There are 2 protein chains.
Amino acid sequence: MKKNIAIVIHGGAGEDSEFIRQHLKEYETSLQEIITSGYNVLNKGGTAVDAVETAVTMMEDNPLFNAGRGAALNAKGEIEMCSSIMSGKTLESGAVAILKHVKNPVSLARAIMEKTKHCYLGGPGALNYAEEIELPLKPESYFITEHQYEEFEKEKEKKRESITKMTKEDMHEKMHGTVGAVALDNNGHIAAATSTGGSVNCKEGRIGDSSMIGIGTYADDATCAVSGTGDGEYLIRGVTAYSVSAVMKFGKLSLAEACDYIVHTENKNIKGDMGIITLNAKGEIAIAFNTERMHRAWIKEGEQMQIKIYK
Amino acid sequence: MKKNIAIVIHGGAGEDSEFIRQHLKEYETSLQEIITSGYNVLNKGGTAVDAVETAVTMMEDNPLFNAGRGAALNAKGEIEMCSSIMSGKTLESGAVAILKHVKNPVSLARAIMEKTKHCYLGGPGALNYAEEIELPLKPESYFITEHQYEEFEKEKEKKRESITKMTKEDMHEKMHGTVGAVALDNNGHIAAATSTGGSVNCKEGRIGDSSMIGIGTYADDATCAVSGTGDGEYLIRGVTAYSVSAVMKFGKLSLAEACDYIVHTENKNIKGDMGIITLNAKGEIAIAFNTERMHRAWIKEGEQMQIKIYK
């Protein structure tokens, strides 16, 4: 019997860059490995939650992506990571914010969802819980790649040249490197997960869209699973991930219509850089972004694997 | 000319308690003082953002409410506060999570909205920013009331008696004491703000609905302003505050219909304790809750002030 399984991943949306052009082959190879692994989880009977955790974990471990190893440095030169995960079957979710040392923030988010009465832990409390349940921890140096170190120095130099403090306009300069995944398992359940290293030179303690259920991540078997990326501060205005679900539920739009409407029409007034990957329990997939590039890949049972970076 | 101004405040929704019955008069007097002050801000030409900040600040300063002074203690006996604010005019927002020492978390949330490129700061980074902009700080003892100290000891005792670790069921025992306000100013703009001391005996680092835009707080001039309270972990599932706006925008429901639908129909599947206060740019007010009591008060130009605690 044909399985109805599908998975979509993204590695961030934003402007093109020298770094991306130089590492195009590595990005493509990585996306292929990761989407294949996520798909294999589903193919062996794993749940949608298992599949999105596997895919996001691999992107966190891969230094090319701004999540886990390869995370951006904040204005103090520190790593602070955010992640979230949601089950479309139960509407339960888990999230972590301003997290240090935990190798895979998405696995901590999942543990919070499944093992605690809470949905969201941040700061030292989140790290203490990771220690309590014995998740792998790493020293700060593990997370800091040469590329992110250089990005940090470049931003610091720009700031020194400028006489003003950080302004709202500065946010457009950053590299958007959030990663995420959405999946459908063979039991008809969907899930979404997102993870980020934040934005380079952001204020200490900054929380963006990636740890916020409804903003960066949402999943409901009745509508869709969504993982978003882009200008976190703009995604917050439109409650982006849940708004795709809401316009399907309350506005009766199809998945493809909803995805397109939120990014290209609803977002016109919001004006933020944005990309979303979505799928539903029927196995339909829709992706939309308003940026130059969005690292993305998807596989659907019976169709060929797709790997794309530009439009 | 008649002004079109209105303000609604809440001091949490949940089960009735001995403490509430003993302090009924003080609660009513406090609600009356706070709603009057918020209304006066609007009456003198202040913005909706000014009015909700004023009202929430007063509830944070009042030890009867679980926000600012009077905050609940987490499982380590510490104070960790959350707050958020949103302007319906601009869709800009500010929020703080797991915050210590800041006398008025809502004022820090407003400063983040108006003075930084970010929307959301948490932990030590949020506290450092409060110091940088010279907001009033207080020692931990300022926040801890005798009542919350006793609640903490009671919960600890319960835990010692129990052989199991904290479970999902425990969350129903907590006192829901979030505070919030929504307001309409004479220029036709609306705003919402929410603040909380968290839930007694929660894990260190726990973040609930109150600092999450879309969950505990949302405002859009085109639809409505919402502040929510209740089981934070359940509000997250339904993206409660924004869902009221979404069902108006995409489902074409009126404010009263939307408010009722989200709390009593949509929430049936979610099963959480919940209360929301809402208003729109026309000056319509709607309040819904599924709990025994919700501390609330409202004034609308030309109508009598209302102060209620039970149904």
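Biologist: Which side chains meet Lys203(B) in a salt bridge?
Modeller: In this predicted model, the side chain of Lys203(B) forms a salt bridge with that of Glu132(A), at 3.9 Å from N to O, where the term requires a side-chain nitrogen of Lys or Arg within 4 Å of a carboxyl oxygen of Asp or Glu.

Biologist: How many salt bridges are there between chain A and chain B?
Modeller: The count between chain A and chain B is six.

Biologist: And how much area do the two chains bury between them?
Modeller: Chain A and chain B bury about 4400 Å², with 60% of that on carbon and sulfur atoms; buried area here is the accessible area (1.4 Å probe) lost when two parts are put together, summed over both. On the side of chain A, Lys117(A), Arg237(A) and Phe250(A) supply 18% of the area buried against chain B, more than any other three residues.

Biologist: Switching topic, how do α3 and α4 of chain B pack?
Modeller: Helix α3(B), residues 48-61, and helix α4(B), residues 105-115, pack at about 150 degrees with their axes 8 Å apart, which makes the pair roughly antiparallel, a label for angles over 145 degrees. Axes are lines fitted to C-alpha atoms over the stretch in contact, angles run from 0 to 180 degrees between N-to-C directions, and helices are DSSP runs (H or I, at least four residues) numbered from the N terminus.

How values were computed
Residues are numbered from 1 along each chain as its sequence is written. Chains are lettered from A and ligands numbered from 1 in the order in which they are written. This is a predicted model: local features need pLDDT of at least 70, side-chain atom pairs count only at pLDDT 80 or more; totals for chains, interfaces and linings use all residues. Side-chain values use heavy atoms; hydrogens and water are left out. Helices (H or I, at least four residues) and strands (E, at least two) are DSSP runs, numbered from the N terminus. Angles under 35 degrees count as roughly parallel, over 145 as roughly antiparallel, 65 to 115 as roughly perpendicular and the rest as oblique.
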